[in-house]
Amino acid sequence: MYRSFILFSLASLGGVSMAQAQSLVSGFMAGKGHGSVVVSSTVERYSSVYLAPAKIDKVPIFNEVRITSINLYANYGITDKLDAVVSLPYIESKGSADERVLQDQNYTNRRAGLQDVTVLLKAKLLSRELGTNVLDILGVVGGSVPVSDYQSKTGLGYIIAIGNHSKKANVSGVAHLKTVSGVFFTGQAGYSVRDNSAPNAFVAETKVGYAGPKLYVDALASIQHSDKSGTDILQPGFTGFFPATRVNYVRLGVSAFRPLAKGFGLSLGATTYVSGRNVGKSTGLSGGVAYNF
């Protein structure tokens, strides 16, 4: 049985978007008593920003932003049809603002800390054979809460905040088609409800890949579209409170996993934003170590 791994990274503009390079939900079930523990690290940077109505080529105040994150991820099969997932990232966000600007405005070029812990339950609701292929329908519920007192307040200095300090409740549905060759197709869509003035959002992802005994690879496209209740950075209605901004994006990514001896394996990934709204045009690289049991 193939046991899935997850590698995730984070990119932010003022804490309004903390986006995963890989979603925390795969179409594979761990199996009763089985699971994975993954420690991964991601480095991302952006010097241009998708604003409304157009992209600009320099990050306001900070010129360029570099984000380094370390994430702990674990999943466990409670039964063959029910998995639990937990994820917790530590994030460092650094800007490149001029020292005189920092002193004049009382800003800082660095913010860091533990961000939000996420807990999910994933259930296999239906499984059907389609010739030699298998189609699984899954349901996912979960949420996340901040675990530290990281700041996300009003002011341009919070462009490099590590999150929007909001609680989130999420629900999604997943369709996962497995072929006898190991090729798979996964599609998922859901809705995220948020507090702290952060607008709710529709999220979706499609993925195609290969899952074999000695190699896992995938390519994905994911989107987020926030409710229109949010504001746009530096546009009418914007008060300087970044969590309240609308965050839309289209992101592309690839990842690979190679099992090693005794349940251990190595993962690599890359992701980039190809369009968006109120989000940095970030490109990132990730690497991690996984233990499957």
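Predicted model: local features only at pLDDT ≥ 70, side-chain atom pairs only at ≥ 80, totals over all residues.
Reader: Let's start with S5. Which residues of strand S5 point to the buried face?

Author: Side chains alternate along S5, residues 82–95. Asp-83, Val-85, Ser-87, Pro-89, Ile-91, Ser-93 and Gly-95 point to one face and are buried.

Reader: How many bridges join S5 to strand S7, and how many to S6?

Author: Six bridges join S5 to S7 (residues 116–130), and that pair runs antiparallel. Ala-84 has Leu-121 as its bridge partner in S7. With S6 (residues 110–114) there are five bridges, again antiparallel.

Reader: OK, switching to the inside. How many residues are in the largest nonpolar core?

Author: It has 19 residues. Those with the most contacts inside it are Tyr-46, Val-59, Phe-62, Val-65, Ile-159 and Phe-242. A second, separate core has 16 residues, including Leu-24, Val-25, Val-38 and Ala-290.

Reader: What does Phe-62 touch?

Author: Setting aside residues up to four places away in sequence, its contacts include Gly-95, Leu-102, Thr-108, Leu-156 and Ile-159.

Reader: Now charges. How many salt bridges are in the whole structure?

Author: A search finds 12. One of them is Asp-98 with Arg-100, where the closest N and O atoms are 3.2 Å apart. Asp-98 is partly exposed at 34% relative accessibility, while Arg-100 is exposed at 61%. There's also a network of salt bridges linking Lys-124, Asp-136 and Lys-178.

Reader: Which parts of the chain does the Asp-195 and Lys-167 pair tie together?

Author: Those two side chains meet in a salt bridge at 4.0 Å, N to O. Asp-195 lies in the loop between S10 and S11 (201–211) and Lys-167 in the loop between S8 and S9, so the pair ties together parts 28 residues apart in sequence.

Reader: What about Asp-232, buried or exposed?

Author: Buried, at 13% relative accessibility. Asp-232 forms a salt bridge with Arg-277, with the closest N and O atoms 2.8 Å apart. That pair links distant parts of the chain, 45 residues apart: Asp-232 is in the loop between S12 (216–226) and S13 (248–259), and Arg-277 is in strand S14. Arg-277 is partly exposed at 24%.

Reader: Last one, Arg-194. What's the nearest side chain of opposite charge?

Author: Asp-227, at 8.8 Å. Arg-194 is buried and has no salt bridge. Its side chain does make a polar contact with the side chain of Ser-192, at 2.9 Å. Arg-194 sits in strand S10 (residues 183–194). Leaving out residues up to four places away, Arg-194 touches Ser-166, Lys-167, Lys-168, Pro-199, Asn-200, Ala-201 and Gln-224.

How values were computed
Residues numbered from 1 in each chain as written. Heavy atoms only, no water. Helix = DSSP H or I, 4+ residues; strand = E, 2+ residues; numbered from the N terminus. Buried < 20%, exposed > 50% of the residue type's maximum accessible area, 1.4 Å probe, protein only. Lys, Arg positive; Asp, Glu negative; His and termini not counted. Polar contact = N/O pair within 3.5 Å; in protein donor to acceptor, adjacent residues only side chain to side chain. Contact = heavy atoms within 4.5 Å. Pairing = 2+ DSSP bridges. Core = buried A, V, L, I, M, F, W, Y, C linked by side-chain atoms within 4.5 Å.
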